[in-house]
Amino acid sequence: MKRILITGGAGFIGSHLCKKLLEQGNDILCLDNYFTGSKDNIKDLMGNPHFECVRHDIINPYLAEVDEIYNLACPASPIHYQYNPIKTLQTSVIGVSNMLNLAKYRNCKILHASTSEVYGDPVTHPQNESYWGNVNPIGIRSCYDEGKRCAETLMMDYHRQENIKIKIVRIFNTYGPNMSVNDGRVVSNFIVQALKNEDITIYGDGNQTRSFQYIDDLIDGLIKMMATDDSFTGPVNIGNPREFTIKQLAEMIIELTGSKSKLVYRPLPGDDPRQRKPDISLARKILDWSPKVDAEDGLKNTIEYFRSLNL
């Protein structure tokens, strides 16, 4: 049994990771400040004697006896990370420094959840890990994009200077149960609007593309990455290379929900990338990982989750 710290453990991704690692027989310490996380996501775990949850913001130092750290703490949707951009940036810089210092203190392995946003509005397609990105350093998304890029720099410098055992995963768009109704991400937005038979809002002309992976595939990738040899640090892309236009996604959700919603178009927000698709060759080779859940099945599961919330 390992004692595993998961920051952001009450969030969308973190709650699924807590559950999976508990099922595998580990002792879980969940940290969350509940800015975007929710106790509802982990309420089913509260009675488990091997699960502990602490309200804590990783901008403040934290010490605990742990064997591994998964650092997932950071708001991940524009509506949340732009609400307090300074706090977002501090989470990715000060917060990651604090977790790296804990890893140094405990001499333990730390996995950092980075993002496909480090590629910005890419000029290469699909994106592989050797691509340095095309990011606006002073735009409205920069608090998140550049924060995550800086966090990767910190991870690598702690690894080179302090010999910390690190893992960096670049997560592409992910969806599934436990997403927040108001998180502002495209899949949850479209599903909520469709279930309410409201107009589905598309920003831009809808021809920009994204690649969407189901949460179960991501959790499998994170755990496989943590289990790799200490010599492999990443970064590694974890995402589904099946590519959709935003308009195609909206039409699929309307069909799956049986909604009467219509598509409406609004101006594209600043610095919104035109296309995003992962090259997962490295994950296939090193992790023996590839996504298993197709979009239709994953969306059906997610739609049923939102139906259960009695919107």
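Buried residues have under 20% relative accessible area, exposed ones over 50%, and partly exposed ones lie in between (1.4 Å probe, protein chains only). At 30% relative accessibility, cysteine 150 counts as partly exposed. The structure is a predicted model, in which local features need pLDDT of at least 70 and side-chain atom pairs count only at pLDDT 80 or more, while totals for chains, interfaces and linings use all residues. Residues are numbered from 1 along each chain as its sequence is written, and side-chain values use heavy atoms, leaving out hydrogens and water.

**Sheet**

- An open sheet is formed by 7 strands in the order 3-2-1-4-5-6-11, with parallel pairing; strands (E, at least two residues) and helices (H or I, at least four) are DSSP runs numbered from the N terminus, and two strands pair if DSSP finds at least two bridges between them.
- Strand 3 (51-55) and strand 11 (236-238) are the edge strands, each pairing on one side only.
- From one strand to the next, the twist averages 20°; axes are lines fitted to C-alpha atoms, for helices over the stretch in contact, and angles run from 0 to 180 degrees between N-to-C directions.
- Strand 1 (residues 3-7) and strand 4 (residues 68-71) run parallel and are joined by 4 bridges.
- Tyrosine 70 in strand 4 stands opposite isoleucine 6.

**Helices on the sheet**

- Helix 4 (residues 142-162) packs on the sheet, where it touches strand 5 (109-115) and strand 6 (166-171); contact means heavy atoms within 4.5 Å.
- The direction of helix 4 makes about 155° with that of strand 5.
- Helix 6 (residues 215-226) also packs on the sheet, touching strand 4, strand 5, strand 6 and strand 11, and its direction makes about 160° with that of strand 6.

**Nonpolar cores**

- A nonpolar core is a set of buried Ala, Val, Leu, Ile, Met, Phe, Trp, Tyr and Cys residues joined through side-chain atoms within 4.5 Å.
- The largest core has 58 residues, of which Ile13, Tyr70 and Leu222 touch the most other members.
- Helix 6 supplies the largest share of this core, 7 residues.
- Beyond its neighbours within four places in sequence, isoleucine 13 contacts Leu72, Ile171, Ile215, Leu218, Ile219 and Leu222.
- A second, separate core of 25 residues includes Ala64, Val66, Ala103 and Ile168.

**Cysteines**

- The whole structure contains 0 disulfides, a disulfide being a pair of cysteine sulfur atoms within 2.5 Å.
- For cysteine 108, the nearest cysteine sulfur is that of cysteine 18, 16 Å away; cysteine 108 is buried, at 3% relative accessible area.
- For cysteine 150, the nearest cysteine sulfur belongs to cysteine 74, 12 Å away.
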